[in-house]
Amino acid sequence: MPQDAATAAKQGASALVGKRDKTTKKSVIFADKAADWIITVGGLGVILAVFGIMLFLLQVVVPLFTGGSTVATVSGRAPDKPGTVVMDRVDEYRTLSVAVTTRGDLSAFHVPTGKAVEAPTFDFGGKAATAFARTIATGDIAFGFADGTVRFGKTGFEVKVIPAADVPAGATALDRHDRSDGRQIFTTLPGNQARQISISATMAEPQEIAPGAAIVGIDYRVGGTVERPTRAFVTVDDKGIARLSLAETKVNLLTRKETTEVTTSTLPALPAGVVVKSVLMTEKADQVYIAERSGRVHRYDTRDMNAPKLAETIDLLPQGVELTVFSFLIGEQSLVVGASDGSVDVYFRLQQAGARSTDGYTLVRAHRLEKQGAAIVAMDVSKRSKMFVTADAKGETWVRHSTTEQTLLRLRPPADFGATDFKAVAFAPRDDAVLAVAGGGRYVEWVVSIPHPETTWSSIFGKVWYEGYGAPDYTWQSSSGTDSFEPKFSLVPLIFGTLKSTFYALLMAVPLALAAAIFTSEFLHPTVRSVVKPAMEMMASLPSVVLGFIAALIVAPIVEQHITSVLLAFVFVPLTLIAAAYLWQFMPQTQAIRLSGVPRFILMFGALGVGLWLASVLGGPLEWLMFAGDFKAWVNRDRGSPVPFMTVILLPAAFLTASYALRRFGPGPRIDGLLRRASGSQAAALDGGRWLALIVAALMLSYVVSSLLAGVGYDPRGGMIDTYVQRNTLVVGFAMGFAVIPIIYTIAEDALNSVPEHLRGASLACGATQWQTATRVILPTAASGVFAAVMIGMGRAVGETMIVVMAAGNTPILDMNIFNGLRALSANIAVELPEAVRDDSLYRMLFLAALTLFVITFVVNTAAEVIRQRFRKRAVSL
């Protein structure tokens with residue numbers, strides 16, 4: 001009966017199994033489809049998000065390259081006064097214009113309508129000025145006369161905000177916003193207010209400068225402080241005599257009494273028959289330029305007013321071409337030269353070797369701008385940038401940018417304007433309008449929009465010749481303490497800094513991380529591995545700001561103080577570990593197996609400590625041997641020879657060369673045969689002897705090559721080795737390497753462990769050693785995963801911000817020197833963005849930096865994926 005019961009039970013179970021429902025549950029199907037749908041949508045969402053970010057960056061960046069545009073054009077006819085117009089000004093609101101003539105008349109009008117506005121008049125007693133000068137940013141003016149006198153004055157706009165109720169009841173409406181009482185313009189403002197604009201003008205009494213001679217050239221500068229204002233001016237008379245005068249006024253703040261001291265100096269005489277076209281003087285009165293109509297310029301060095309010198313005479317134009325305009329740009333370092341052939345060039349005064357001048361400086365043409373179709377007849381410069389406007393004899397008015405050599409706008413008057421004989425042009429103070437005045441009171445105003453004149457593809461990614469620089473260069477400098485500063489937006493130093501920091505971080509991290517991954521995966525005892533791997537992974541949790549803080553405040557000073565020991569550690573630590581490995585071979589096999597777990601791991605750290613101790617102890621003596629006792633003085637080339645350092649640098653290459661020569665031409669194969677037949681200790685001794693012989697041969701070879709290189713004049717100092725700065729690329733490499741190592745180690749170790757065990761077993765069964773198995777079987781098979789680990793670590797290094805900001809000195813320079821600082825793209829964004837004004841050039845340039853970083857990452861990751869797929873196909877074939 002028990003047997004029958006068992007048989008029945010089996011039959012019943014079989015029946016149950018046979019009746020089991022094999023159809024998939026609807027809930028499982030639903031979950032599978034939902035997961036598939038969610039994954040698909042999520043993947044598409046990630047792709048769309050990436051492209052959305054890129055499109056957002058593009059729409060912020062594109063306006064940098066759109067140039068300028070004309071918003072509106074206004075033309076009309078204003079009341080005209082006799083005399084030649086020598087200057088025209090427009091207020092910052094583009095409401096009122098005032099023109100000054102050689103007879104001292106001021107002609108003011110409402111720009112939108114051309115209605116005349118009453119303006120003061122300078123009383124010249126019926127005389128007409130023979131020379132005129134003005135300052136760039138202020139309304140200070142100077143006149144010279146045929147009787148040898150000069151007069152100084154000032155014109156400007158008085159602007160007030162008043163209650164709307166204070167506007168005169170009889171004011172006439174000019175347009176929707178403006179009214180006038182004949183002397184002032186009132187503009188309606190929100191909040192029941194009005195803006196009142198009127199013309200102000202003052203003129204001092206005449207001063208006799210050149211008795212019996214006519215003033216044919218003059219320039220004028222006002223400076224100093226409130227309690228000690230200064231006035232400097234230079235004049236040239238028709239006899240060719242140039243005089244420089246400096247007036248310093250001292251104001252008693254209690255009595256308001258003024259005491260003026262005037263110092264006048266006569267400059268070296270000009271050649272006979274000179275026809276003076278223009279005279280310029282710098283704000284400090286240390287340089288004077290007298291330009292002839294022929295284009296010849298006489299430059300005077302007036303730093304010592306008691307002994308002025310004719311520093312240089314130079315021809316700026318070809319023979320037969322006449323000089324028509326000659327002016328400074330804001331900052332008074334750029335000279336704009338316009339000519340009768342329509343050419344416009346910009347010159348810098350630069351110090352150059354072999355200059356044919358008394359002060360070592362010479363005028364150098366830095367920028368050649370596009371020619372206009374006719375002679376340049378009028379010009380005005382921007383009060384806030386390196387833009388300026390030129391008008392030619394055919395009536396074309398061009399807006400230009402000096403540094404980028406762009407022609408931003410080509411402005412033409414309306415078709416019904418008539419003959420375009422422009423007498424003067426004016427650039428609005430906010431660079432948002434250009435006003436041109438022609439004969440008969442005719443004028444035309446172009447309202448323009450030029451938001452980013454300093455940005456072009458060539459200025460961002462190419463070399464640009466900026467003021468104060470001896471040659472074109474890559475420069476990033478977004479701000480300064482002076483009003484005449486010109487922003488410099490080259491991304492090349494930032495891209496270079498990003499790649500430089502990434503390279504040194506990977507140089508530190510990749511060998512250590514991969515070696516650690518191979519050791520952990522293939523040689524470390526599983527018990528120790530279970531502790532080491534989580535500990536390494538925990539390193540990735542350290543915030544980068546903490547690493548940057550430690551690197552800047554702790555590591556950088558230690559490295560600076562013990563730089564020789566730090567450099568020697570790169571030599572002694574590997575040598576100590578290799579020596580310990582050879583000594584390990586002398587240990588009996590049974591003892592070695594027994595100590596292969598935790599004890600060997602501890603002994604390894606002991607060998608590491610010995611290497612660091614040797615580097616520390618020998619740092620001082622070797623500094624005397626290699627660097628003549630002072631590493632910082634050595635890198636500056638103040639002392640010492642480059643041979644010892646080059647010997648150490650070339651040592652790895654020399655070792656590989658000696659090893660190859662031993663195998664290819666020496667007794668290498670015979671030694672390998674002896675090693676196979678020898679016992680363990682004998683093999684270890686023979687292998688160690690070979691290793692020592694290779695070290696000695698490599699040292700000798702490296703020393704010989706270094707001596708030969710030094711003999712032909714090669715010196716590594718001045719390139720990758722140069723002046724030492726405390727926060728430098730070496731420190732960044734340490735800190736960023738520490739941050740990147742956990743990522744590379746973890747992914748690479750997982751890739752090595754994922755190699756099928758049968759490959760490892762087959763290699764060992766064929767007689768390969770563990771090292772041969774690891775390097776020739778396991779590593780090639782896991783190459784795709786290891787390469788992915790390196791590329792992910794590279795992505796981490798490229799995007800690193802805080803470590804670079806805190807430990808790299810934050811200097812945007814293009815320098816190969818490992819002991820100098822840098823600035824990366826990500827660090828630049830973090831540093832500059834809080835100070836950027838929304839939608840200005842700096843703001844958009846930072847977004848361009850972000851887009852550049854995005855593109856670099858995208859290209860690198862794409863290339864890495866292509867290479868990884870090739871590694872993967874090769875591994876699959878195994």
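Start by selecting Arg529, Lys533, Glu537, Glu749 and Asp750: these residues are linked in a network of salt bridges. A salt bridge here is a side-chain nitrogen of Lys or Arg within 4 Å of a carboxyl oxygen of Asp or Glu. You're looking at a predicted model, so local features need pLDDT of at least 70 and side-chain atom pairs count only at pLDDT 80 or more, while totals for chains, interfaces and linings use all residues. Residues are numbered from 1 along each chain as its sequence is written, and side-chain values use heavy atoms, with hydrogens and water left out.

**Stop 1: inside the network**

Zoom in on lysine 533 and glutamate 537, whose closest N and O atoms are 2.6 Å apart in a salt bridge. Both sit in helix α5 (residues 526–538), and because they are four residues apart there, about one helical turn separates them. Helices in this tour are DSSP runs of H or I with at least four residues, strands are runs of E with at least two, and both are numbered from the N terminus.

Now color by accessibility. Lysine 533 is buried at 10% relative accessible area, whereas glutamate 537 is partly exposed at 33%. The cut-offs are under 20% for buried, over 50% for exposed and in between for partly exposed, with a 1.4 Å probe and protein chains only.

**Stop 2: glutamate 332 and arginine 221**

Select these two next. Their side chains meet in a salt bridge, 2.6 Å from N to O. Glutamate 332 is in the loop between β22 (323–328) and β23 (334–339) and arginine 221 is in strand β14 (residues 215–224), so the pair ties together parts that are 111 residues apart in sequence.

**Stop 3: aspartate 345 and arginine 365**

Here's another salt bridge between side chains, with N and O 4.0 Å apart. It links distant parts of the chain: aspartate 345 belongs to strand β24 (residues 344–351) and arginine 365 to strand β25 (residues 361–369), 20 residues apart. Aspartate 345 is buried at 3% relative accessible area, while arginine 365 is partly exposed at 37%.

**Stop 4: glycine 711**

Jump to helix α14 (residues 680–711), where you'll find glycine 711. This glycine counts as exposed, at 66% relative accessibility.

**Zoom out**

Along the principal axes, the C-alpha atoms fill a box of roughly 140 × 85 × 60 Å.

Buried residues make up 47% of the 878. Take contacts (heavy atoms within 4.5 Å) between residues at least 6 apart in sequence: 61% of them join residues at least 24 apart. If you highlight every salt bridge, the count comes to 31.
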